[in-house]
Amino acid sequence: MTSKWSQTLVIYGQRHAILGGRWSHIEVLYDLLKMTIFHNSAMIRKTKVGVWRAWRTLTVRLRCSAVSSSAGPAPLEGNGSSVSDEKPLHTPVMVKEVLHYLNIQPAQVVLDMTFGGGGHTKEILNTVPEVTVLALDRDPSAISLAQQLAKQHPGRVKPLLCRFSELEASLCRLEVKPGSIDAVLLDAGCSSMQMDQAERGFSLSKDGPLDMRMDAERYPDMPCAADVVNTLDQQALASILTAYGEERHARKIASAIIEARRVSPITRTQQLASVVAGAFPPAVIYARKDKLHRASHVATKTFQGLRIFVNDELNELLAGLRAAQAVLKPGGRLCVITFHSLEDRLVKRFLQGEDLSNLDHFSQRKHSKSKEKTLDSRSRSSNSSWIPLRKKVIIPEKDAVRDNPRGRSAKLRAALRN
Ligand SMILES: C[S@@+](CC[C@H](N)C(=O)[O-])C[C@H]1O[C@@H](n2cnc3c(N)ncnc32)[C@H](O)[C@@H]1O
């Protein structure tokens, strides 16, 4: 028993060294707690009290910080969500920078291509008088928030339920002419409301159906993440995880998924998270770090890859950029916020005027610098339709990331329509 105890201490030490995040501390304490419950030596009995105490303090502290944290939005329950100024459903990223680069003037027309929780739109309405915002989103729940906001600001918010790829047709129906919009904002990815609602199936930390579709209500027949993991073959799964998740262990994970679904279909988010975790030794499950050096689950990239695939996010982003180019007037401004390198690379090259008819090379992880250069010089057009408002990518300030950790990987690019 003593050896088991010292073994646990060694594991404790190793984990403590490997993992930095607060959840990893919980795990470690939990392991110790289990040990101390089932063993009865004098030394362990003494430690038990200390471990219990530490466990209690930690969970209380975490519960308090979860309640008081203003960074993450409150989870939505049922249809009770509403657009209010007091409690943002999604904390908007780089608001100050977006307002600066869009430089919206009174009475101008703005297109918010990603309304989400309306964070950016509300800031625009509150900052610029008489501005009109076309509030677009593919998610019907975001559009119902836009409808509420439209009631609060009569005539100033026009909700538009559609995908980027459907935008030009929708604007045509609204009789909005090409080249007539003053400013466009595209804040890519998914919103906190989508991430935080377990039943949407985006989050690996909340158990829910493995769905991940942003507009399942509109397109119920579109395949969800569970369809993808339960039907595609190992090679196709591995390609998705490599291409869209930039996952180095894609083949190993795909093989674990195939093995697991032989026993029973993978239908829940946490079921998938454990299948992925099962492909790795326990010590590495939280060994990866995010940009804030917090422990991140080994299935994070798998979830990202599936989400991008299910929602066809890269093609949609390209369609969105093309639509923005068509609707902006000369001199109009575009701000695009992205959250991972695949998206940012695409935006950067689009603004440089590169021919993006073939998106394949965006999803290749190992992209040597020289190959990139050849590709750039071959396909970049010298007469791009855009003038960068700042050459370098804009990232959030340190304080902003501390207040809203979800914005930690945000990158903003701003350009003027030529
Ligand atoms: C990061 S959130 C935007 C948050 C918003 N700026 C705010 O401050 O609340 C991204 C939103 O874009 C929407 N979206 C993503 N891809 C889309 C697409 N292809 N067409 C339309 N909306 C899309 C998502 O449904 C989500 O609500």
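Modeller: Two residues are in contact if their C-beta atoms, placed from the backbone, lie within 7 Å. With that in hand, look at Val95, Val98 and Leu99 in helix 4, which meet His120, Glu123 and Thr127 in helix 5. Sorted by class, this contact of helix 4 with helix 5 has three nonpolar, two polar and one charged residues. Keep in mind that the model is predicted.

Next comes the geometry of the pair. Helix 4 and helix 5, the latter covering residues 119-127, pack with their axes 11 Å apart and at an angle of about 55°. That angle makes helix 4 oblique to helix 5. The crossing of the two is right-handed.

Now follow the chain on either side of helix 4. The loop between helix 3 (42-68) and helix 4 (95-102) contains Met94. Its phi is near 50°, a positive value in a residue other than glycine. Most residues other than glycine have a negative phi. Met94 counts as buried because it has 23 C-beta neighbours inside 10 Å, and the cut-off for buried is 20 or more.

Strand 1 (residues 109-112) pairs with strand 2 in the parallel sense, over four bridges. In this pairing, Val109 stands opposite Thr132 of strand 2. Strand 2 runs over residues 132-137, and five of its six residues are buried, so it is largely enclosed by the rest of the structure.

Just after helix 13, Asp312 takes a positive phi of about 50°.

Helix 14 (residues 313-327) has a contact of its own to set beside the one we began with. The axes of helix 14 and helix 15 (residues 341-351) come within 10 Å and cross at roughly 30°. The two helices are therefore roughly parallel to each other, and their crossing is right-handed. In this contact, Leu314, Leu317, Leu318 and Leu321 of helix 14 meet Leu342, Glu343, Leu346, Val347 and Phe350 of helix 15. By class, that gives eight nonpolar, no polar and one charged residues.

Last, the whole chain. It has 17 helices and nine strands. Of its 418 residues, 40% count as buried. Among contacts with a separation of 6 or more, 68% come from residues 24 or more positions apart.

Note on methods: Residues are numbered from 1 along each chain as its sequence is written. This is a predicted model: local features need pLDDT of at least 70, side-chain atom pairs count only at pLDDT 80 or more; totals for chains, interfaces and linings use all residues. Axes are lines fitted to C-alpha atoms, for helices over the stretch in contact, and angles run from 0 to 180 degrees between N-to-C directions. Angles under 35 degrees count as roughly parallel, over 145 as roughly antiparallel, 65 to 115 as roughly perpendicular and the rest as oblique. A crossing is left-handed if the near helix is turned anticlockwise from the far one by less than a right angle, and right-handed if clockwise. Ala, Val, Leu, Ile, Met, Phe, Trp, Tyr, Cys and Pro count as nonpolar, Asp, Glu, Lys and Arg as charged, and the others, Gly among them, as polar. A residue is buried if 20 or more other C-beta atoms lie within 10 Å of its own, exposed if 12 or fewer, and partly exposed in between; C-beta atoms are placed from the backbone. Two strands pair if DSSP finds at least two bridges between them.
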